[in-house]
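Visitor: Could you walk me through some details of this one? I'm new to reading structures.

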Amino acid sequence: MKNIVLYKKLSAELMTRLRQQAQVTCIEDLSADGLARLRDALPSAHGLLGASLRLDAGLLDLAPQLEAVSSVSVGIDNYDLDYLTRRGILLTNTPDVLTETTADTGFALILATARRVVELAGWVRAGQWQKSIGPAHFGNDVHGKTLGIVGMGRIGEALARRGHFGFGMPILYHSTSPKPEVEQRYGAGYRSLEALLEESDFVCLTLPLTAATTGLIDARELARMRPESILINISRGKVVDETALLEALQAGRLRGAGLDVFEREPLPADSPLLRLDNVVATPHIGSATHETREAMARCAVDNLLAALAGRRPANLVNPAALDVARATG
């Protein structure tokens with residue numbers, strides 16, 4: 001039987017399924033002791049399954065028999081794709097099952113930030129609601145406002161659908177190329193990044209982290225946004241220059257920000273972002289529902305078992321690794 005190393009807790013059903021088809025080593029946590037156990041298990045590992053761990057060459061060089069890595073995520077920025085492909089190691093992810101849930105999170109941040117839900121809920125809990133609120137506590141409408149989406153992939157399109165059909169929002173988008181089908185379905189308009197930032201009431205980031213997108217939204221781009229506009233980030237924290245965002249918010253050059261991702265995670269408790277009432281910060285909950293996380297784990301198990309059985313996984317990130325694996329196998 002093949003050897004699988006897990007560094008993520010799975011449901012009893014999925015564990016039973018894996019153990020019926022492989023020898024399984026479980027790393028309960030990624031503390032120093034857990035990482036030491038992982039290193040000890042790598043020499044005999046044929047497959048890895050988990051998330052939230054950077055697997056670099058220094059670590060994977062310890063796994064000479066490794067055939068596949070199954071990531072319980074859609075993002076692949078924790079992996080050296082060139083290295084994996086050169087070694088013929090298949091990398092898989094879980095791109096479809098979290099689309100709708102992550103889009104829900106994006107819209108939750110839009111609504112919470114625009115209507116000041118977190119700020120005013122805390123105000124009520126603190127016993128400060130003594131009379132009817134006035135303009136000082138008013139929020140902003142969402143319906144009918146322009147939604148700009150940067151990155152029109154699956155999640156971007158799910159956001160566009162919610163905005164267009166649910167809130168009557170004009171949709172603008174920026175992507176690596178125009179998407180005629182999106183334009184037809186949602187009346188969306190393709191824009192340069194600069195034009196989108198200038199025209200949108202809400203700017204929602206849904207693009208992957210790459211060398212090209214790191215720091216994409218910096219001080220210059222933030223300066224293009226309207227003072228009454230709101231930035232929503234459900235992609236990766238490093239897409240935004242956090243220092244520049246903080247300065248724009250403090251100076252009143254942006255209405256607010258809804259952030260589910262950050263340059264450093266967990267976000268330090270002393271982060272100045274947390275001292276701003278116009279920031280809604282959540283702990284990277286984009287796909288964090290019971291239903292979606294189980295579906296992601298199930299997808300990851302399917303991917304890994306297919307790869308170790310010599311079949312092409314449904315969600316293969318680096319198909320060129322198949323040729324390398326066949327040539328060296």
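Predicted model: local features only at pLDDT ≥ 70, side-chain atom pairs only at ≥ 80, totals over all residues.

Visitor: Okay, new topic: where is serine 287, and is it buried or exposed?
Guide: Serine 287 sits in the loop between S12 and H12, and it counts as buried because its relative accessible area is 10%, which falls under the 20% cut-off.

Visitor: Which side chain does serine 287 join in a polar contact?
Guide: Its side chain meets that of arginine 293 in a polar contact of 2.9 Å. Beyond its neighbours within four places in sequence, serine 287 is in contact with several residues, including Leu98, Thr101 and Met296.

Visitor: What about serine 52, buried or exposed?
Guide: Serine 52 is exposed, with a relative accessible area of 67%, and it lies in the loop between strand S3 (47-50) and helix H3 (57-60). Although it is not a glycine, serine 52 has a positive phi of about 65°.

Visitor: Last one: what kind of peptide bond joins glutamate 265 and proline 266?
Guide: Those two residues are joined by a cis peptide bond, with omega at about -5°, and proline 266 belongs to the loop between strand S11 (256-259) and strand S12 (279-281).

Technical notes:
Residues numbered from 1 in each chain as written. Heavy atoms only, no water. Helix = DSSP H or I, 4+ residues; strand = E, 2+ residues; numbered from the N terminus. Buried < 20%, exposed > 50% of the residue type's maximum accessible area, 1.4 Å probe, protein only. Polar contact = N/O pair within 3.5 Å; in protein donor to acceptor, adjacent residues only side chain to side chain. Contact = heavy atoms within 4.5 Å.
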